[in-house]
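Hi,

Here is the model we talked about, handed over for you to look through.

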Amino acid sequence: MTETLTGAQLTIRLIERQGIRTVAGIPGGAILPIYDALGQSPLIHHVLARHEQGAGFMAQGMARVSGKPAVCLASSGPGATNLLTAIADAKLDSIPLVAITGQVPRAMIGTDAFQEVDTYGLSLPITKHNFLVGSAEELLEVIPRAFAIAASGRPGPVLVDIPKDVQTQAIDITSWPEPGQATRTPPPTATQIATAAAMIDAAQRPILYLGGGVVHAGAAKAAVDLAEKADLPTVMTLMALGALPVDHPLSLGMLGMHGARHTNLALDECDLLIAVGARFDDRATGKVAAFCPQAKIIHIDIDPAELDKIKTAHLAIGADVGEALGQLLPAVGEQRRERWLARIDELRREFPFQMPDAGNPRSHFGLIRTVAACLDDTAIIATDVGQHQMWVAQAYPLRRPRQWLTSGGLGTMGFGVPAAIGAALAEPQRTVVCFTGDGSIMMNLQELITAAEEKVNVKIVLMDNASLGLVHQQQTLFYGERLFASQFRVTPDFIKVAQGLGIAAVDLDLAANPCAALMDAIARPGPCLIHASIDVDQKVYPMVPPGAANHDMIGA
Amino acid sequence: MNATHRNEQQAISRAVLEIDVNNHPGVMSHVVGLFSRRTYNVEGILCLPVDDGRHSRIWLAVNEDQRLPQMIKQLEKLEDILAVRRHDADHAVFARLEAFFQPR
């Protein structure tokens with residue numbers, strides 16, 4: 001049967017056919033035809049963000065918990081530029097995103113028309129791929145391809161810029177393209193697997209190093225199985241937390257700049273590093289020349305460009321990490337590495353991770369541990385960026401892949417609240433907790449009202465030290481205590497702010513029993529802001545100073 | 001361009017990249033963007049359509065640099081790139097053009 005549809009209707013139908021049921025965005029002149037079509041969709045729920053960056057991070061939240069591409073929408077000009085930060089963030093953390101932007105009509109492109117900006121040019125270096133659509137027919141190819149590219153190989157954001165006259169152009173449709181799917185990547189070779197297995201079997205002091213790619217590939221179970229069979233102590237990057245439960249006997253937790261001292265010291269002693277879906281980021285490695293100086297390296301990653309980029313691997317395997325781990329498991333020998341694990345225990349005892357005051361819910365660690373005690377592993381934990389993020393990464397007992405949503409690569413303040421909203425939209429049965437700071441929450445504060453409108457089950461735990469804590473910390477430690485522009489002289493009444501933006505609020509500072517108040521706030525359905533003042537002089541410790549080797553940590 | 005003399009420039013070891021791409025506006029930006037964001041100078045660029053215009057071939061002359069293997073991998077990741085082939089600096093494609101690049 002032939003249907004006559006506009007480019008806008010086509011776009012919405014193609015998105016529906018991809019299985020998309022929730023999108024976030026903000027309309028504007030150049031995307032109004034698409035919004036008109038979206039308003040007629042019986043399948044798609046549109047979440048009206050209050051800033052396009054919020055819409056971008058809501059889509060990220062959906063994608064991060066589901067592992068599937070999510071969609072955000074914005075108009076041309078400022079709508080598109082406001083999306084860019086969320087897109088760049090998705091690029092650095094390999095999150096599948098399809099961003100659809102309106103553009104001025106084709107005939108007006110290049111004339112400095114109202115709300116015209118070169119969205120294609122601006123998005124070039126921060127997307128996996130981008131399109132400027134030239135006709136309604138092209139949409140039939142471009143939209144499924146955008147989803148396929150976002151989901152295939154190493155995931156990432158794709159931007160589709162659609163001129164307004166392409167949205168209104170009507171064409172006849174007789175058949176629909178297949179929805180875009182992730183394409184399979186070539187498997188590892190048998191030789192690679194055999195070599196890797198032989199290296200693991202021969203190693204005396206191996207360490208398994210898991211990155212975000214393990215989570216993206218759905219390979220956490222395979223990684224745990226390998227660690228257990230070959231008795232491999234395991235470190236995780238910030239992005240991989242939860243891939244192995246942090247309280248698993250083989251877990252050494254997070255490595256790098258704010259990892260435990262025993263974790264980094266164990267890496268110093270390892271003779272084989274098995275990097276899986278990790279990219280040797282500078283926050284993980286510290287000074288690269290001093291990272292795992294005695295180790296041979298096996299590097300498994302789906303992105304061939306990551307192999308040998310920072311560290312030359314002795315064995316580089318460009319493959320899907322799930323497939324590689326699956327093949328590796330039967331190939332490695334069952335091992336009990338008593339000497340190496342005894343040495344690790346010794347390091348652990350000698351250089352334990354210090355969590356001072358963890359029993360006091362009015363301290364930073366105590367607050368995080370108390371929140372954890374109110375929840376089980378089904379909860380989703382999101383963070384913003386700063387001291388609170390590192391403390392949660394260090395102290396929260398993450399035990400499940402996709403439990404943990406944080407902005408790792410780009411480190412975007414303002415990520416937390418909208419990402420948590422997106423997570424709650426995608427998985428409404430779960431409680432979503434967003435740890436944030438008083439600096440970060442201000443960067444996408446407007447989305448509190450979106451949380452109220454959508455009635456999402458998001459608990460925002462605001463750790464308020466009235467400062468930009470990590471800046472404060474660095475100025476204190478490395479800039480002669482010259483504190484400048486890191487302390488807020490005037491701070492909002494966050495309780496009134498939250499209430500003014502339509503959500504419930506609890507001030508733990510005023511609660512006679514903070515544990516009970518916290519438990520009560522978390523148990524009540526719907527969005528809630530939980531405010532807690534913390535000590536501005538608390539630092540994220542231990543810390544590798546910028547540029548130093550990981551064994552040169554400062555602080556407890 | 002940096003302060004090296006023309007002869008010194010020639011003494012620096014060069015490589016020539018031959019890149020097959022889909023022919024549409026934006027491909028060149030994708031390719032040169034990878035170099036510019038890394039402050040990696042592209043010394044020469046040539047591009048013409050091939051195969052009835054559906055594809056183009058881009059020739060780049062670049063300085064040898066330890067980053068070159070990573071650049072090639074990054075090029076291969078671009079959606080619109082079909083193939084990247086690396087040649088030595090003595091490849092004829094740029095040499096034959098020298099007549100068009102004499103100082104006035």
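Ile19(B) is buried, because 23 other C-beta atoms lie within 10 Å of its own (buried takes 20 or more other C-beta atoms within 10 Å, exposed 12 or fewer, partly exposed is in between, and the C-beta atoms are placed from the backbone). Ile19(B) sits in strand S1 (residues 14-22) of chain B. Helices here are DSSP runs of H or I with at least four residues, strands are runs of E with at least two, and both are numbered from the N terminus.

Which residues does Ile19(B) touch, leaving aside its neighbours within four places in sequence? They are Val31(B), Arg57(B), Ile58(B), Leu60(B), Leu75(B), Ile81(B) and Val84(B); a contact means C-beta atoms, placed from the backbone, within 7 Å. The C-alpha atoms of Ile19(B) and Trp59(B) are separated by 6.3 Å, though the two residues are 40 apart along the chain.

Before going on, a word on where this comes from: it is a predicted model, in which local features need pLDDT of at least 70, side-chain atom pairs count only at pLDDT 80 or more, and totals for chains, interfaces and linings use all residues. Residues are numbered from 1 along each chain as its sequence is written, while chains are lettered from A and ligands numbered from 1 in the order in which they are written.

Back to chain B as a whole. It has four helices and four strands, running α-β-α-β-β-α-β-α from the N terminus on. Of its 104 residues, 12% are buried. Take the chain B contacts between residues at least 6 apart in sequence: 72% of them join residues at least 24 apart.

Two of the chain B helices are worth a look together. H2(B) and H3(B) pack with their axes 10 Å apart, at an angle of about 150° (axes are lines fitted to C-alpha atoms, for helices over the stretch in contact, and angles run from 0 to 180 degrees between N-to-C directions). That angle is why H2(B) counts as roughly antiparallel to H3(B); the cut-offs are under 35 degrees for roughly parallel, over 145 for roughly antiparallel, 65 to 115 for roughly perpendicular, and oblique for the rest. On the H2(B) side, Val31(B), Leu34(B) and Phe35(B) meet Met71(B), Gln74(B) and Leu75(B) of H3(B). That contact has five nonpolar residues, one polar and no charged (nonpolar covers Ala, Val, Leu, Ile, Met, Phe, Trp, Tyr, Cys and Pro; charged covers Asp, Glu, Lys and Arg; the others, Gly among them, are polar).

Ten residues from chain B and ten residues from chain A make the contact. On the chain B side, the elements giving two or more residues are helix H2 (27-36) and helix H3 (68-77) of chain B. H3(B) has the largest share, four residues. By class, this side has no nonpolar, six polar and four charged residues.

Over to chain A, starting with the sheet. Six strands of chain A form an open sheet in the order S11-S10-S9-S12-S13-S14, with parallel pairing (two strands pair if DSSP finds at least two bridges between them). Its edge strands, each pairing on one side only, are strand S11 (251-254) and strand S14 (315-318) of chain A. Four bridges join strand S13 (residues 296-301) of chain A to S14(A), and Asp301(A) has Gly318(A) in S14(A) as its bridge partner. Lying across strand S12 (272-276), S13 and S14 of chain A is helix H13 (residues 321-331) of chain A, which runs at about 125° to S13(A).

Helix H15 (residues 364-373) of chain A is mostly covered, with seven of its ten residues buried; among them are Phe365(A), Leu367(A) and Ile368(A). The buried residues of H15(A) pack against helix H16 (387-395), strand S17 (432-437), strand S18 (458-464), helix H22 (514-523) and strand S20 (528-533) of chain A.

How many residues of H16(A) are buried? Nine of the nine, so H16(A) is largely enclosed by the rest of the structure. Its cover includes S11, H15, strand S15 (380-383), S17, S18 and helix H20 (469-478) of chain A.

Cheers

Terms used: Two residues are in contact if their C-beta atoms, placed from the backbone, lie within 7 Å.
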